[in-house]
Amino acid sequence: MKFFEKKCVLFFIFYSLFFVPAFSQSNDNIREQGLITSDPFWRQALGGEVLSLPHVQAQSAVVALDGGNIKAYSTAGTPMWNYSARGRISPFITRSREGTSYLSRTNGIFIAVNRAGRELWRRDLESPISARVVIGWDGRLFIPTEKQIFCYTASGNRLWSRTFESNLTAANLNQSSVFSIAPKLDRSGGILFAIGNDVYRIDQFGNTTMWKSSYEISDKRCSFIFLTNLQQILAIFSDGSMEILGVGEDWYLGAQSENHVSLLPMLPARPIAADTDKENNIAAVLNDGRLIFLSIDEKKILWTGNSHIREMINNGGRPDMEAEVLFDARGIYVLSRNGATSFSHEGRRFWFSYLQNAAAIPAFGDDGVLYSGGRDWILYAYKMEDRVLPQRNALYGPLPDGTYGLGRPGIDNNIYPLNEYEKKSQLEIIRTAVNSGQIGSNEPVWTSFLLRMCAGQEPIQSRITALNLLGKIGSYETIQWLINVYRNSNEPLISSAAINAIGSIGVDPEGVSLQAFSFSISQDHVKNEHVLTAIASATGALCRFSGPPLSEMGVRILNMLSAVNQQPSVRRQAARELASLR
């Protein structure tokens, strides 16, 4: 938690994106009510001090170190790779669903590293990131820097940027900050954050709304703010009081009116961390170490439990007051530098444990392992429980909570000009905006226009231009549409352009593109030299971005394309792509 000297001492925006599959539960494997003091499941020397909590995902744990390196370990403790940024890095690292790590050097160089430790691309943002990058539903990146919020595609193309007068530099970079709360993904796929006493909401297309909280909370210090299911704003204050401010689409106006204020029960102490689930339940840790579980809809506290922080206080200790709450299908977890605690949703405490010399708040993985970076430059992994939070594909992170609706063209014919001159003029307008990195709020309309262009009966060159622009806009929601264009077109130049657009997007965590390529080649459906060369190029691009296991399928495709029965130009391109993956 960050403390500031403004009207709002703390803000926190949190949004839970947890899908709730069935999971195996064995009470025999949960050490109920117990203090766990077992030895680490494994440990690895890091060669530096951990800057922030480990990021556990895609069957691996990644840590950022003060020497400018990020290191990855398998969940079994095997060292996987070590990437050096060749300079100091900001204490924030974010991983996308397919395992790509995003980090920033302190000179503003922003870097993407794939799950195999290979640098994909870098951009100069002119100032370092000031909080963790937020990953959107289609892989887009919301990047906060000192005075700007950028939105980039996963392949490094800028979609829009927003500039703020206030300096957003994070406090844990030892500089002044007015970021009361760093950006978090909200329930509509945009971001929500606070600067000073103002709350901002920016959607995925850069549309910005500001809510000035001083009308309702000028006499109280706000601790947390987040959105509920009904797009209401819940404010939790440092004195323990709570209010719901604003309703629906009129959330800004509602915040100014007492007609929409709904009082919630008073918390018995100051909250220091909190999280919420999809059912509008809140789990909040208080500064006395208790965990409070309350229902927004019922407007009452459902249960209270003692975390490891409370146990430490009761034993005369002075615990660290920085904490995090993890709320998922298995239960509720309280994490701090001093240890961790597990609760069921019904309030039963399963276990708690103490940590010593942790350099940052630990991370709790879907596999029941607690990962902690020590001040002794060692990463520790503790097996806390055998319950596993399964995913549809365990090789990747959780599925996004929704879509932005970019995968199909809209039905509004007013956005689609009738004559060729207007269509070419619109293409030029879109190309200029794409190349300047300021697509912004035009993205849904322009994407719809381009989808219709590339699948219609337009001149070939116009369709190729539309396909190239879709690749640069870079939403993987359009990949299935591009696959259909590739499959259904009788014109090799159009098929090749659709394939190249898929390669430009880069992100395909489900591997649907490679499955389509593999089927076409194995069934001998594709014989055109240009199309096969494009498949080789796009396959290499997709494999470089995602790394294994997607690259395993890609290597098989490239081996088929490098066979002696292929044309020389196809074999050469396949060989180049194979060499780039080694």
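**Strands and a helix pair**

Tutor: Strand E30 (residues 349-354) has five of its six residues buried, so the rest of the structure largely encloses it. Buried here means under 20% relative accessible area with a 1.4 Å probe, protein chains only, and strands are DSSP runs of at least two E residues, helices of at least four H or I, numbered from the N terminus. The model is predicted, so local features need pLDDT of at least 70 and side-chain atom pairs 80 or more, while totals for chains, interfaces and linings use all residues. Residues are numbered from 1 along each chain as its sequence is written, and side-chain values use heavy atoms, leaving out hydrogens and water.

Student: Which residue in E30 is the bridge partner of Phe 343?

Tutor: Start with strand E29 (residues 339-343), which runs antiparallel to E30 and is joined to E30 by five bridges; pairing takes at least two DSSP bridges. The two form a hairpin with five residues between them. Across in E30, the partner of Phe 343 is Arg 349.

Student: And how do H11 and H12 run relative to each other?

Tutor: The axes of helix H11 (residues 550-561) and helix H12 (residues 568-580) come within 8 Å and cross at roughly 150 degrees. Axes are lines fitted to C-alpha atoms over the stretch in contact, with angles from 0 to 180 degrees between N-to-C directions. Over 145 degrees counts as roughly antiparallel. H11 and H12 are therefore roughly antiparallel.

Notes:
Buried < 20%, exposed > 50% of the residue type's maximum accessible area, 1.4 Å probe, protein only. Parallel < 35°, antiparallel > 145°, perpendicular 65-115°, else oblique.
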